[in-house]
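Open the structure in your viewer and keep the selection tool ready. We will go stop by stop.

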Number of protein chains: 2
Amino acid sequence: MAYTAPLQDMQFVLKELAGLEQLATLPGCEEATPDVADAILEEAGKFAAGVLEPINRLGDCEGAQWSDKVVTLPAEFRTAYRQFVDNGWNAFDHSPEFGGQGLPRLVSAAVREMWKSANHSFALCPMLTGGAIEALELCGSQALKEKYLPKMVSGEWTGTMNITESQAGSDLAAIRSRAEPQADGSYRVFGQKIFITHGEHDMAGNIIHLVLARTPTAPAGVKGLSLFVVPKFLVNDDGSLGARNDAWCVSIEHKLGIHASPTCVMSFGDHGGGIGELVGQENEGLKYMFIMMNSARYAVGLEGLGLAEAAYQKARDYAKERVQSRAIEGSAASVAIIQHPDIRRMLMLMKSQTEAMRALAYVVAAAHDAAFHHPDAEERKRNLAFVDLMIPVVKGWLTETGNQIAYLGVQVHGGMGFIEETGAAQFMRDARITTIYEGTTGIQANDLIGRKIAREGGATLKIVIAMMRATQAELAAVSDADCQAIAAALATGIDAVVQAGDHIVGLYGANVREVAVGAVPFLRLMGIVSGGWMMARAALVAQLKVGAGETASFYPNKRKTARFFAEHVLNEAPGLVREITVGGASALALEEDAF
Amino acid sequence: MAYTAPLQDMQFVLKELAGLEQLATLPGCEEATPDVADAILEEAGKFAAGVLEPINRLGDCEGAQWSDKVVTLPAEFRTAYRQFVDNGWNAFDHSPEFGGQGLPRLVSAAVREMWKSANHSFALCPMLTGGAIEALELCGSQALKEKYLPKMVSGEWTGTMNITESQAGSDLAAIRSRAEPQADGSYRVFGQKIFITHGEHDMAGNIIHLVLARTPTAPAGVKGLSLFVVPKFLVNDDGSLGARNDAWCVSIEHKLGIHASPTCVMSFGDHGGGIGELVGQENEGLKYMFIMMNSARYAVGLEGLGLAEAAYQKARDYAKERVQSRAIEGSAASVAIIQHPDIRRMLMLMKSQTEAMRALAYVVAAAHDAAFHHPDAEERKRNLAFVDLMIPVVKGWLTETGNQIAYLGVQVHGGMGFIEETGAAQFMRDARITTIYEGTTGIQANDLIGRKIAREGGATLKIVIAMMRATQAELAAVSDADCQAIAAALATGIDAVVQAGDHIVGLYGANVREVAVGAVPFLRLMGIVSGGWMMARAALVAQLKVGAGETASFYPNKRKTARFFAEHVLNEAPGLVREITVGGASALALEEDAF
C-alpha cells in the first residue's frame, strides 16, 4: 500500500491529547463519539488510500489542461470526485442545516489530513469549496445561503476564493477589481484575478466564485473591499442552472507542483460584466476575509502535516526494503538502509516532527470546536484566544517543517529520490506552495508577533506558557530517564519562548522593524516548543498507560520518539532565542544598494 | 542581466583570503598572477552570463531527448558547447602537457562556480570530462594518455564515470560488471551502469567512458574492481575515429532537475562486448576512484555555491523591483519588498552564507594547489591534510546550504516563485541532486568523522581549530562592535567543534553507531564554524582596509555581513553540539518495526 492512514496515532491524539470524549459532550458535537470517529476515520482511510492516492502521480504527470477557456482534469479525477461526493465526504464536516453531517473540526482535521497525504491537488478542491461555504454561511443572507449552500455542501458545486490580482499579491489594499450596482440589486463585476485555485475545472456542475471587488463609492485601501458571489453558471430561482456567466479562465499557470490543481487567471467582465450578488454588507469584505482566514490557514497547515506523513511513509518503506552496504560496525551481508544511523536519524526526524505537528494541529482543532460550541462564554473566549495565537504557528510551522520532511524524504531515497517515477520528489514539489499561499511564512510570523502577541502585551502567550510549564513540571516529577530528558529540554525551550516573547513585547513599539527580523525564527521557536509540549503530554500519557499495565509497544515507542524530538529538534531553542534577541540590527545593517 | 559574475567578491576572496599572490610564486602556478586571474575571471563572467545562462531555462524545458539509443540535446547546447571548446574554456585548468593552460585550482574554482551558477546542466559535462581526464592522467599509461588526453583536454571529446549499478548505489562492493581479457591485451566489458551523467549526447565527437568492472580472476568486494577506458567510438592509431563500440545508452531518467544533463542507463556488451583498455593495474580501480573522488566531491560542492549565488541574485533583483505593501512602520506608498524585514533577513541569509561558502571553497582550492605544487614537503603534507579534512565539509555543507538558499529564493518570490517561468524553482530542482550524487551528505559526514577525524585521533582537526582560534583572538582584540560580536560568536562555535570533536574521537571505537547519528549535524557544525572563521578573516581584512583609509563600501559591508552570519547562522552551534553529544541513543531507540 503506497499510503496507509496512520489511524493508531490519529486515534491516540484525538482521544488522549485532544479530548474527543469531552468534545462529544458539547452541544452540536454529540455525534462525534469515539466510536463514530473511529468508524469515520477507518472509512476515510480506505477512501484516501484506495481512491485518492492511486491517482496522485497520474495527476502530477497529466496535470490540468487548458484550452480555449476550458480546463480539463484527468478523467480519473472526475471519477474520483464523483465518488467523493456520492460517498458524502464533501458534506461530512459542514452544517446539517444545509445537508452536512456536522462533524466537528477535530474529526475533520484527521480526515482532511488523509486527503492531503493521499492527493494534495485533489484535496485543494474541497478545501476551497469549504472556505466558500464558510464565507456564505457566516456572512451571506438567508436567501444566498439557500440558493447556494445545499449544492456546495454536497459537493455538486465547488467554490473558489478570488482575492489576488497581479499588482496585489499579499497586499489587499491594492485590489482594483470593481463591482457596478445594477437596477435589480445585482452587481456587474469587472477585473482580473490571478492564482485562483480550481477557478475552472470539469469535476462539478457549477463553480461558485467569491470575489473581492470595489463598488464605485468605496473608500480606497482595504476598507473599500466588498465580497461578491459570481457563479460560473447563473442559478435560476428553481435551483436549475441558467446562462453561462461572464467569468472565464483565460489561462492557467505552469507550476512547480500541484499539477492537477488548476491555478487560474480568472477574467470577470470581458463580455458585459460578471453578474454577482453582494455577500453581507458593502465595504465589509476584509472583515469577512479575516473570518475565513483562520480556517484557510489552518487547512494549509494540515497540508504540511499530510505531505510530511506521506513523505515519511514512502521513505520508511524504501529504507526497509532497500538493501545496501554493510552495517556500520561491520556485518556479513549488506543490510537494509534503515540500519544505517543517518538514515535512522532522518526517519526519526520525519516521524517525530510529523507526530508533534499532528498533535498540535488536532489540539488546536479541538480548541476551535470548544471556541464555537462550549456552553460557557469564558471557555469559548479562552479557547478562541488559544486558536488565534496558534493559527499562524500551525500554518507556518507545519508547512515549513512539511517542506523539510519532504526534502528528507528525497534524501532517504538517494539517487532514486531524484527520479520522478519514485514519487518522493512530487511531495517536495507539491509542498513548496504551502509556505506561500494563504499568507507566506513571513506574513504568518508578523501576524503572530504583532496581532497575536504584541497587541495584547503577550497575555495569551503567557497563559499558554503557564500550560506548558504545568506539563513540564508533571513530566519532571516522573523518575524515568526519557521523561527526565524530555522535561529538561522542554524547560529550556519554554525559557526561550519566555525570553523571546518578552523581547518582542518590550521592543515592538519602539523598533518594530528590528523585532520583525526575528518574526520567522520566533514562529519556528513557538512551533518546536509547542510541538515539544505536545510530545511531552504524549510521553506523560504513555507513562501512565505503561504504569497501568498497558502492553502495546505504541506507548513506550511514543515516549522514545518524544525524547528524540527533545534532543534533535527542541535543541534548536537556545540558538533561535539568541537570533531573535540579538540579530535584529545586523539583518538591517546593509543599505539596499549593497545587495 | 539575469546573472552577473560576482567578480568583486571573487577577487576579494582570491586575493585577500586565499593568497593568490603567494600561490603564483609556486612552481607550476606562475601563470596565475593576479592580473591574469582578473582577466580570466572577467572573460569567464562574460561567457557564463552571455552564453550559458541564456539557455539555462530552455535546457530545463526542452531537456535531453532519447530515441533509439541516441540522446539529443537542444541545438543551443550544441552551439554553446562548440563556443566553449573554441574559446579554450575546457582546457584552461588542465595540464599543459596535453594542451591545457594549466591554471591552478584556485582560479579554476572561481571560473567553474560561474558555469554552475549560469547553467548547472551544461557545467556537468566538462565536470565529468575533467574527472575522466584526471583519472587517465594520474593512473593511465603514457600510451593511453597520448591517445585520449589531447582531445579530452580540448573538449573535442567528453568523458564519463561509469560506477553505479542498480543493485549498487553507494555500495561499490556490489558492482557486477565484468571485463574479459582478450588475446590482444584489450578487454571486452559487459554490464549495465545507471545514473551515468552525460553518458550519451550529441555535443562532442566522441565520449570516453571510464568503467569500473571485474576481471574473471578478481577477488570479491571492492578489492576486485578494475578501471577501463571504453570509448563510444574506437580510436585508430592515427587518432581518427574507428568503429562504433558496444557501449549504448538504453534509456535516460526522468528527473526532478538538471533536465539538460542526460542521466543515462549505459549498456556495455549487448553486442559482443564493449572494447576497453585497462587503466593502470588490475584490481586497483577503487584506489583510482578515491584519487579522483576528492576532486569530484569538491566540484559538486561548487555546484551548491554556484546555485546559491544564482538563486540569491534572482531573489535580490525581484525583491528590489517588486513593490508591495506599506513599510512595517507605515509609509505613504507601497515599498519594494526588500524593505520588509523578513525579506531582508532571507536575502541576508542567502548573501552571507554564499559568501562564507565561497571563501571556504576557494581557500580549500588554494590549499589543494599548495598540496601539489609547494616546494616544501611539509607544506605539501600540511595542506593535503587540510584539504582531506575539508572536502566532505565543502561537498556536504555547500550543497545542503545551496538547497536551503534555493528554497529561500523561491520564498522571496512569493507566489511567483512557484511558477516555473520565474526560474527560481529551477534552481531548487537542480540543486536537489547535489546532496546526493558523488556521495550523499550522510556519506560525506561518515567520511568526515571516521576517515578524516577519528582514524587520526582528531590530529588535523586540532590544527585547524588552532588556526580558527588564532583568527578569533586577533578579531577579539579589535575594538569594533561588529568585530567583537563576530569574535564572541566564533568563540562559541569553536568551543562547540572542540566539544563535538572530542565526543567523536572518544566514542568512535566504543560505539560507532551512536557517534554516526551525529555525523551530519557535525558536518553542519563544521561547515558553519569554518564559514564563520572565513567571515571572521574577511572582517579582519576589512578592518585593516578601513583603518588604512580605504573608502570602498565593500569592506564595511563585508564586516556587517560577517556579523549577520555570526548572529543568524553561527548561533546554531550550541544546539548542534547538544544534538551530537546527547542525541545518539534516542535516534536508535526504536525497533525497526516501530517505523
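Start with a local stop in this predicted model. Select helix 11 and helix 12 of chain A. On the helix 11 side, pick A:Gly402, A:Asn403, A:Ala406, A:Tyr407, A:Gly409 and A:Val410. They meet A:Ala424, A:Ala425, A:Phe427, A:Met428 and A:Ala431 of helix 12. Colour this contact by class: eight residues are nonpolar, three are polar and none is charged.

Now show the helix axes. Helix 11 of chain A spans residues 377-412, and helix 12 of chain A spans residues 424-431. Their axes come within 8 Å and cross at roughly 160°. Angles over 145 degrees count as roughly antiparallel, so helix 11 of chain A is roughly antiparallel to helix 12 of chain A. Which hand does the crossing of helix 11 and helix 12 of chain A have? The crossing is left-handed.

Next, bring in chain B. Select the residues where the chains touch: 71 of chain A are in contact with 71 of chain B. Highlight helix 10 of chain A, residues 341-373. With seven residues, helix 10 gives the most to the side of chain A that touches chain B. Colour that side of chain A by class, and you get 30 nonpolar, 20 polar and 21 charged residues.

Conventions
Residues numbered from 1 in each chain as written. Chains lettered and ligands numbered in written order. Predicted model: local features only at pLDDT ≥ 70, side-chain atom pairs only at ≥ 80, totals over all residues. Contact = placed C-beta atoms within 7 Å. Helix = DSSP H or I, 4+ residues; strand = E, 2+ residues; numbered from the N terminus. Nonpolar A, V, L, I, M, F, W, Y, C, P; charged D, E, K, R; others polar. Axes fitted to C-alpha atoms, helices over the stretch in contact; angles between N-to-C directions. Parallel < 35°, antiparallel > 145°, perpendicular 65-115°, else oblique. Left-handed = near helix turned anticlockwise from the far one by under 90°.
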